[in-house]
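This report looks at charge pairing, surface charge and backbone geometry in one protein model. Please keep the sequence and the coordinates at hand while reading.

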Amino acid sequence: MLNKSSIIYTDLNKKGYSGLIHHDFQKKKSKLLFKSKSQNEKIEICKNKRFIILGIFSMDLKSYKSKILYKKIDGELNDNFKTLYESTTNDIGNIECKFDENFIYFVKNIKLNKKKEGFEIAKINIKNKKLSIISDLDFVTQIIAMDRKLLTIKDGEFYLVEGVNDLSSKEFLNQGKK
C-alpha cells in the first residue's frame, strides 16, 4: 500500500505481459505505470519509506537482460522511474529494499566460467549506484530479511549475509521455552 487510499501491484495482461499498476480506491481508477517489453520478463516491486523499486528480470535464455528502476515517493505517482542498474545477464532478482533503505539487494548472475553460471547476492547503493557482491556461495537463489539480519539458504543451511547474529545456538533453542 502506498497510503490508505491507493496501492501498487504487478499483474499479467491477457497476452502475458507484466505490468506495474497503481490503483486509487477513492477515484476508483487504475493507471499502468510500467509494462514489460516481452512476455518473458518478470517484474518485482519493493517499497520502503523513501523509494519504490521496480526489478525487471528476463526469463528468456535468448535475451539476456536485467534492470532495476527506482522512484522516490513524493506526492503524485507517475511512470517517471530512474535506472539504478542494468545488466546483460539474466539475474534471478528477488529484490529486497527494507533491510537497509540506502541499498537494494538482489540475486545477481555472475559467470563462473563460459559454461557455468553462478548466482550471488549483490547490493546497490542507491546514492552512488555502486554494486557490491556480498556472498560467495556460487549458487544463491534466495534473500531473507528477518530480525535485522539478511540471510540466504544453500543446500539446507542458512547463512548470515549481513547483520549481527547476537544469539548463540543454545540461546536460540531456549528462546521458545518458558
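## Salt bridges

The model is a predicted one, and in it the count of salt bridges comes to 5. One of them joins Glu41 to Lys65, with the closest N and O atoms 3.4 Å apart. Glu41 belongs to strand 4 (residues 41-47), whereas Lys65 sits in the loop between strand 5 (51-58) and strand 6, so this pair ties together parts that are 24 residues apart in sequence. Glu41 is buried, because its relative accessible area is 5% and the cut-off for buried is under 20%, while Lys65, at 29% relative accessibility, counts as partly exposed.

Another salt bridge links Glu86 with Lys67, where the closest N and O atoms are 3.8 Å apart. Since Glu86 lies in strand 7 and Lys67 in strand 6, the pair ties together parts that are 19 residues apart in sequence. Glu86 counts as exposed at 55% relative accessibility, and Lys67 is partly exposed with a relative accessible area of 25%. A further pair is Lys42 and Glu44, whose closest N and O atoms are 3.0 Å apart; here Lys42 is partly exposed at 25% relative accessibility, and Glu44 is buried with a relative accessible area of 14%.

## A positive surface patch

Arg50, Lys72, Lys82, Lys127 and Lys129 together form a positive surface patch. Among these residues, Lys82 is part of strand 7, which covers residues 82-87.

## A buried serine

Ser66 is found in strand 6, which covers residues 66-72, and counts as buried because its relative accessibility is 3%. The side chain of Ser66 reaches the backbone oxygen of Thr89 at a distance of 2.8 Å.

Most residues other than glycine have a negative phi. Which phi does Asp138 have, positive or negative? Although Asp138 is not a glycine, its phi is positive, at about 75°. Asp138 is placed in the loop between strand 11 (131-133) and strand 12 (144-146), and with a relative accessible area of 42% this residue is partly exposed.

Arg148, which is not a glycine either, has a positive phi of about 60°. The loop that holds Arg148 runs between strand 12 and strand 13 (149-154), and Arg148 counts as exposed because its relative accessibility is 69%, the cut-off for exposed being over 50%.

Terms used. Residues are numbered from 1 along each chain as its sequence is written. This is a predicted model: local features need pLDDT of at least 70, side-chain atom pairs count only at pLDDT 80 or more; totals for chains, interfaces and linings use all residues. Side-chain values use heavy atoms; hydrogens and water are left out. Patches are made of residues with over 30% relative accessible area and no salt bridge: like charges are joined within 9 Å, nonpolar side chains (Val, Leu, Ile, Met, Phe, Trp, Tyr) within 5 Å. Accessible areas come from the Shrake-Rupley method with a 1.4 Å probe; for residues, only the protein chains shown count as cover. A salt bridge is a side-chain nitrogen of Lys or Arg within 4 Å of a carboxyl oxygen of Asp or Glu. Lys and Arg count as positive and Asp and Glu as negative; His and the chain ends are not counted. The place of a charge is taken as NZ of Lys, CZ of Arg, CG of Asp or CD of Glu. Helices (H or I, at least four residues) and strands (E, at least two) are DSSP runs, numbered from the N terminus. Buried means under 20% relative accessible area, exposed over 50%, partly exposed in between (1.4 Å probe, protein chains only). A polar contact is a pair of N or O atoms within 3.5 Å; within protein, one must be able to donate a hydrogen and the other to accept it, and residues adjacent in sequence count only if both atoms are side-chain atoms.
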